[in-house]
Amino acid sequence: MNINHIRYFEEVCKTGSVTKAANECYISQPSITSAINSLEKELGYKLFYRVNNRLQLTPAGTQFRLLAKKFLTDYDNFEKKAYDISATH
């Protein structure tokens with residue numbers, strides 16, 4: 001599982017749009033779509049319902065988002081602390 005794919009997923013959830021997420025992440029819309037498709041394939045379940053060009057989280061997608069948000073927060077805290085070590089040595 002790629003951490004960037006998880007970040008893109010969260011951005012899609014936050015913005016409600018693949019296009020807006022792509023703009024926020026400074027990557028192409030097809031790259032966001034590919035990342036979401038890759039996550040869904042790897043996980044074995046759909047994260048979004050796609051209806052009339054609109055995205056809505058599936059129940060599994062909602063559960064995954066809760067896990068993803070915690071993971072990203074924990075990872076960001078880890079990364080900050082890891083870099084802070086060099087400031088103390």
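The largest pocket in this predicted model has a volume of about 240 Å³. A pocket here is an open set of points on a 1 Å grid over the protein atoms alone, where a 1.4 Å probe fits and protein lies on both sides within 12 Å along at least five of seven lines; lining residues have an atom within 4 Å of a point. Grid points are joined across faces, edges and corners, and the volume is the space filled by probe spheres set on the points. Of the 14 lining residues, S17, V18, N53, R54 and L55 are the closest to the pocket centre. The lining draws at least two residues from each of α2, α3, β1 (48-51) and β2 (54-57), and α3 gives the largest share, four residues. By type, the lining divides into five nonpolar, seven polar and two charged residues. In this count Ala, Val, Leu, Ile, Met, Phe, Trp, Tyr, Cys and Pro are nonpolar, Asp, Glu, Lys and Arg are charged, and the others, Gly among them, are polar.

Because the model is predicted, local features need pLDDT of at least 70 and side-chain atom pairs count only at pLDDT 80 or more, while totals for chains, interfaces and linings use all residues. Residues are numbered from 1 along each chain as its sequence is written, and side-chain values use heavy atoms, with hydrogens and water left out.

**Overall layout**

The protein chain has four helices and two strands, in the order α-α-α-β-β-α from the N terminus. Helices (H or I, at least four residues) and strands (E, at least two) are DSSP runs, numbered from the N terminus. The C-alpha trace spans about 55 × 25 × 20 Å along its principal axes. Of the 89 residues in the chain, 27% are buried. Buried means under 20% relative accessible area, exposed over 50%, and partly exposed in between (1.4 Å probe, protein chains only). Among contacts in the chain with a separation of 6 or more, 46% are between residues 24 or more positions apart; a contact means heavy atoms within 4.5 Å.

**Nonpolar core**

The largest nonpolar core has 17 residues, and F9, V12, I32, F48 and F64 have the most contacts inside it. Such a core is a set of buried Ala, Val, Leu, Ile, Met, Phe, Trp, Tyr and Cys residues joined through side-chain atoms within 4.5 Å. Helices α1, α2 (18-25), α3 (29-43) and α4 each supply at least two of its residues, and the largest share, five residues, comes from α1. Leaving aside neighbours within four places in sequence, V12 is in contact with S17, V18, A21, I32, I36, F48 and L55.

**Salt bridges**

Side chains of opposite charge can pair when their charged atoms come close. The structure holds seven salt bridges, each a side-chain nitrogen of Lys or Arg within 4 Å of a carboxyl oxygen of Asp or Glu.

| Pair | N to O distance |
|---|---|
| R7 and D76 | 2.6 Å |
| K14 and E11 | 3.4 Å |
| K70 and D74 | 2.7 Å |

R7 lies in helix α1 (residues 3-15) and D76 in helix α4 (residues 59-88), so their bridge ties together parts that are 69 residues apart in sequence. R7 is partly exposed, at 28% relative accessible area, and D76 is also partly exposed, at 33%.

The other two pairs each sit within one helix. K14 and E11 are three residues apart in α1, about one helical turn; K14 is exposed at 58%, whereas E11 is buried at 12%. K70 and D74 are four residues apart in α4, again about one helical turn. K70 is exposed at 52%, and D74 is partly exposed at 38%. Elsewhere, a network of salt bridges links E40, K46 and R50.

**The loop between α2 and α3**

Most residues other than glycine have a negative phi. Y26, in the loop between α2 and α3, has a positive phi of about 60° although it is not a glycine. The residue is exposed, with a relative accessible area of 77%.

Not counting residues up to four places away in sequence, I27 touches Y8, A22 and I32. The C-alpha atoms of I27 and Y8 are separated by 9.7 Å, and the two residues are 19 residues apart along the chain.
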